[in-house]
Amino acid sequence: MLLAQTAFETRMLLRNGEQLLLTVVIPTVLLVLFSAVDIVAVDGPGKRVDFLAPGLLALAVMSTAFTGQAIATGFERRYGVLKRLGASPLPRWALLTAKTGCVLVTEALQVALLSAIALALGWSPQGDPFSVAALLVLGTAAFSGLGLLMAGTLKAEATLAAANLVFILLLLAGGVIVPLSRFPSAVQSVLELLPISALSDGLRSVLQTGAGVPWSDLGILAGWAVLGLAAAARFFRWE
């Protein structure tokens, strides 16, 4: 039942044009555009794509685990889909696990696509793949918890507006495209604590500079994951 529900959730997401725009088209266009055109000054050694690729991998995780999942789950809750599934033989924990599996499958496709495009643009990734995997997993957990918390507490229309607003704000102020060093120091110290900033910075430190395990970024993501998932488990409403 769990595998069948995971496959169903994945098919539904891949058939949704709006979700594909959010999870695939936007990160891809941003990667190609900002790698080719010197619109925003970037930091660090190497080509522009070496700075941009890690940040847009982080954006892909956020778009799927947070924005897409929050909107889809919010409307499923509004139309009573979650309530009906909760009354089916499928346990509620299995339903949420299936949604997580769908997110992981989608992210794997995103990472593969964006990495292939970045490599074609001249990207030269460095560092330890295990550190990258740990960052992606913790980032997924953090954003999933926050997305489910939003979807389970707000009305569907409010979730739609809030999730898209957060996506835009974090795209601009989360170190994805614009380096955090461009912000005032007081603002920068606050932005560094955001999950998207920790994920972007951690991936960039490993993939761009070949640094070791980014423990501080992993710690921030772990904190957000614990808080988000605990709050979602406590306050999520099925109807």
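Visitor: Why is Ser205 called buried?
Guide: Ser205 has a relative accessible area of 18%. Buried means under 20% relative accessible area, exposed means over 50%, and partly exposed lies in between (1.4 Å probe, protein chains only). Ser205 therefore counts as buried. This is a predicted model, in which local features need pLDDT of at least 70 and side-chain atom pairs count only at pLDDT 80 or more, while totals for chains, interfaces and linings use all residues. Residues are numbered from 1 along each chain as its sequence is written, and side-chain values use heavy atoms, with hydrogens and water left out.

Visitor: Which residues is Ser205 in contact with, leaving aside its neighbours within four places in sequence?
Guide: They are Gly210, Ala211 and Pro214, where contact means heavy atoms within 4.5 Å.

Visitor: How do you know that Leu114 is buried?
Guide: The relative accessibility of Leu114 is 4%, so Leu114 counts as buried. Leu114 lies in helix α5. Beyond its neighbours within four places in sequence, Leu114 is in contact with Pro27, Thr28, Leu31, Leu56, Leu57 and Ala60.

Visitor: And what makes Ala151 buried?
Guide: The relative accessible area of Ala151 is 0%, so Ala151 is buried. Ala151 belongs to helix α6 (residues 129–153). Ala151 and Arg77 are 74 residues apart in sequence, yet their C-alpha atoms are 7.9 Å apart in space.

Visitor: What makes Glu9 and Lys99 a salt bridge?
Guide: Their side chains meet at 3.4 Å, N to O. A salt bridge is a side-chain nitrogen of Lys or Arg within 4 Å of a carboxyl oxygen of Asp or Glu. Glu9 lies in helix α1 and Lys99 in helix α5, so the pair ties together parts that are 90 residues apart in sequence. Both residues, Glu9 and Lys99, are buried.

Visitor: Why is Arg78 called partly exposed?
Guide: The relative accessible area of Arg78 is 47%, so Arg78 is partly exposed. Glu157, at 41% relative accessibility, also counts as partly exposed. Arg78 forms a salt bridge with Glu157, with the closest N and O atoms 2.5 Å apart. Arg78 lies in helix α3 and Glu157 in helix α7, so the pair ties together parts that are 79 residues apart in sequence.

Visitor: How many salt bridges does a search of the whole structure find?
Guide: The search finds four salt bridges.

Terms used. Helix = DSSP H or I, 4+ residues; strand = E, 2+ residues; numbered from the N terminus.
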